[in-house]
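Please open the model in a viewer and keep the selection panel at hand.

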Amino acid sequence: MSLRPNIKHLIDAFPSAARHFSHHLNRRPQPPTPKQDPYALLKEDPVQVLSDLWVKSFSQTQKPFQNLTGFLSKLDLWVLAYQRACAHATGSYPPKNAIPSHTLSSLVSLRDAVVRSQFRWNSKLEQLIRSPKEKPITLLSRRKLESILSSGDPPFQDRVVQEVLLMILEPVFEARFSAKSHAFRPGRNPHTVIRTIRSNFAGYLWFIRGDLSEIIDNVNSSVVLGRVGESVKDRKVLSLIKSGLKEVGKRHNQLEDEGKTVSRKKRKKGQTRKRILNDDEPKPDPYWLRTFYDFSPEEAAEVPNYGYCGILSPLLMNVCLNELDYMIENKIVEFFRPSENDSIWKYSINDGCHNPSWPEFVPSSGKKKTRKMDYIRYAGHFLIGIRGPREEAVGIRKEIIEFCDRAFGIRLDNSKVGIEHITRGIQFLDHIVCRRIIHPTLRYTGNGGNIVREKGVGTLLSVTASLQQCIRQFRRLAFVKGDKDPEPLPCTPMLYSGQAHTNAQMNKLLETMADWYRYADNRKKIIGFCAYVIRSSLAKLYAARYRLKSRAKVYKIAARDLSRPLRESTNNSAPEYSDLLRMGLVEAIEGVQFSHMSLIPSCDYTPFPRNWVPDHEKLLQEYIRLQDAKFFCELNKSVKQQGLCLPQDKISEIVWDYKVLGCSSDRFRNDKETQNTP
């Protein structure tokens, strides 16, 4: 059976695919190339190759990379990309020695197609390599061909190419990214954002909360490619990214159409029936994990998707917004105006002597106060803290809007870049940044040597979890109904699960939520509320399942933490739970966690450095320093002059300096030299 008659009738329905097929059918046959043993091409360790690339990127942050095609030609990287793609598709990571020879030959063909600029994104009928769970296509019927072309799932080979590009481009741009960006980057997450806000944003009055989602969704592909081209000069890599970005608008429309068709199917057929998974099919995420993902804040829920770039899209988003990060960083330096009459930031912009847990005495604004601002960004949302009048915050907002219009061709509305005062509370990553007023007792020595005690008024920065946002998320997931006084609803998705399995699932959810709200001041309160909702939801579920009519009867039998076994009153002939547990026929029932406030952990107030750097970047910088010959000469010279000291002596010196001076002695000398310089 020929494939050509089946394709001709699809030309009108799929013109773009038809052009690809006609090119494939009409192209001249290439002369056969001598086959090589793919195992002979595996010469290097891919981890070592990538480690060298990371070191080179961090040691040459200003020079653009001219030749990345050499990394594309390394088969070892393609094997590693194939392993990662298989882990995503099948749920298992295949070892290198278990990959068959025909798969390695297919990887060689895919690598050659990419290097020779013959690779096409989203080519579903001309795949050079397939997923282990996919069956080879022999004969195609018309219906099967239409289903393949209309499916929205990208081919497996696209994922492999995306993995290779991500492994090569990520170290190149990570060395150039601003430290103010925390989304989709190794070593950074929403927790580092919250801890940075707690450590660095004390003392600010006005906050600018910006939403750049409009720029992320509507940015032109030429802008993205231009930002990438500033650091990467390799033509083949740029052409490969360009071909994946060509279909940006078309891909967005296709995803919207698929969402509409899925919603129509759900409205017509309702919930899908349960089915048995195949042996090579990955298991779906458990219920507790899907529920926690639905709790993700607005800033973290949006993942960019540019054309057929897939997992490369978040990196491209950070590349686009990196110019905005550096523009605001330069503005931070220009805006800083120190004042010796202020309580914080008296001399330098990196003054670390101020303790954010120590109260700042109001008023915190005026002509004799320090002017300062700070900035942090997570994906398409940013937060700017400003210590100064509102007029200066309005001017900064105007500069940001004009910069976005000039750089991205999109003018943001003022509602997308709002200005709010600290007293109203600013919501960011489902946490509220606000100011708490306290009245500490001040003790000082007055005239005549008398000790004076008087009440003062001070403010502390408070970062609390948003209870209203938590209620909205629970209401959206059908755990509660109502807003001001929410009433728990039964957890119907776990209706057909046993008591032990249900409690274990909810315990994992509560543990994950307790870790998510780890750095919130009201951690006990918010986790106590979540535990109450989940425990009440399970009690209503068990009351319906075991025909107990009310939550009170469930708590009476199963205790407050629902750890005792429940059974239907009509089934009195069933054996006792203790006997079944002894025989290993049932699982042990875990009690629902955090049933008492004393069991909930408190907020984590571990100090966070002001100029924090992830551990892997510290190791890279230290390794680069060790490779420098000048550093060894200076180290040898200092050892000869000062001699070696024990680590205990150095630690004792540091502790004494912080106890007496509030900082290290070296930093204290540098601050004094800065004050004395005219």
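Helices (H or I, at least four residues) and strands (E, at least two) are DSSP runs, numbered from the N terminus. This is a predicted model, in which local features need pLDDT of at least 70 and side-chain atom pairs count only at pLDDT 80 or more, whereas totals for chains, interfaces and linings use all residues. Residues are numbered from 1 along each chain as its sequence is written, and side-chain values use heavy atoms, with hydrogens and water left out.

Leucine 429 is not a glycine, yet its phi is positive, at about 55°. Most residues other than glycine have a negative phi. Leucine 429 is also buried, with a relative accessible area of 0%; buried means under 20% relative accessible area, exposed over 50%, and partly exposed in between (1.4 Å probe, protein chains only).

Next, select leucine 562, in the loop between helix H21 (551-558) and helix H22 (577-583). Leucine 562 has a positive phi of about 60° although it is not a glycine, and this residue is buried with a relative accessible area of 0%.

## The four-stranded sheet

Select E3, E4, E1 and E5 together. These four strands form an open sheet in the order E3-E4-E1-E5, with antiparallel pairing. Strands E3 and E5 are the edges, each pairing on one side only. On average, neighbouring strands of this sheet are turned by 20° against each other, direction ignored. Two strands pair if DSSP finds at least two bridges between them.

Seven of its seven residues are buried, so E3 is largely enclosed by the rest of the structure. In a regular strand the side chains alternate between the two faces of the sheet. In E3, Lys372, Asp374, Ile376 and Tyr378 point one way, while Met373, Tyr375 and Arg377 point the other way, and all are buried.

Methionine 373 stands opposite isoleucine 386 in E4. The two strands form a hairpin with two residues between them, and alanine 379 in the turn has a positive phi of about 60°.

To follow the pairing, select tryptophan 206, whose bridge partner in E5 is histidine 421, and then glycine 210, which stands opposite valine 417.

Centre the view on glycine 418, found in strand E5. The C-alpha atoms of glycine 418 and glycine 210 are separated by 6.5 Å, although the two residues are 208 residues apart along the chain. Leaving aside neighbours within four places in sequence, glycine 418 is in contact with Phe207, Ile208 and Arg209; contact means heavy atoms within 4.5 Å.

## Helices across the sheet

Display helix H9 (residues 190-200), which lies across E3 and E4 and runs at about 170° to E3. Helix H17 (residues 390-408) lies across E1, E3, E4 and E5, running at about 165° to E5. Axes are lines fitted to C-alpha atoms, for helices over the stretch in contact, and angles run from 0 to 180 degrees between N-to-C directions.

## A crossing of two helices

Select H3 (residues 46-59) and H23 (residues 615-627), whose axes come within 10 Å and cross at roughly 75°. H3 and H23 are therefore roughly perpendicular to each other (65 to 115 degrees). Trp54, Val55, Phe58 and Ser59 in H3 meet His616, Glu617, Leu620, Tyr623 and Ile624 in H23.

## The whole chain

Finally, colour by pLDDT, the predictor's confidence in each residue, from 0 to 100. The protein averages a pLDDT of 82, and 79% of the residues score at least 70. Over residues 1-32 the pLDDT stays under 50, and over residues 249-272 it is below 50. Where pLDDT is low, the predicted coordinates should not be read in detail. The protein has 26 helices and 12 strands, and buried residues make up 43% of its 678 residues.

Technical notes: Angles under 35 degrees count as roughly parallel, over 145 as roughly antiparallel, 65 to 115 as roughly perpendicular and the rest as oblique.
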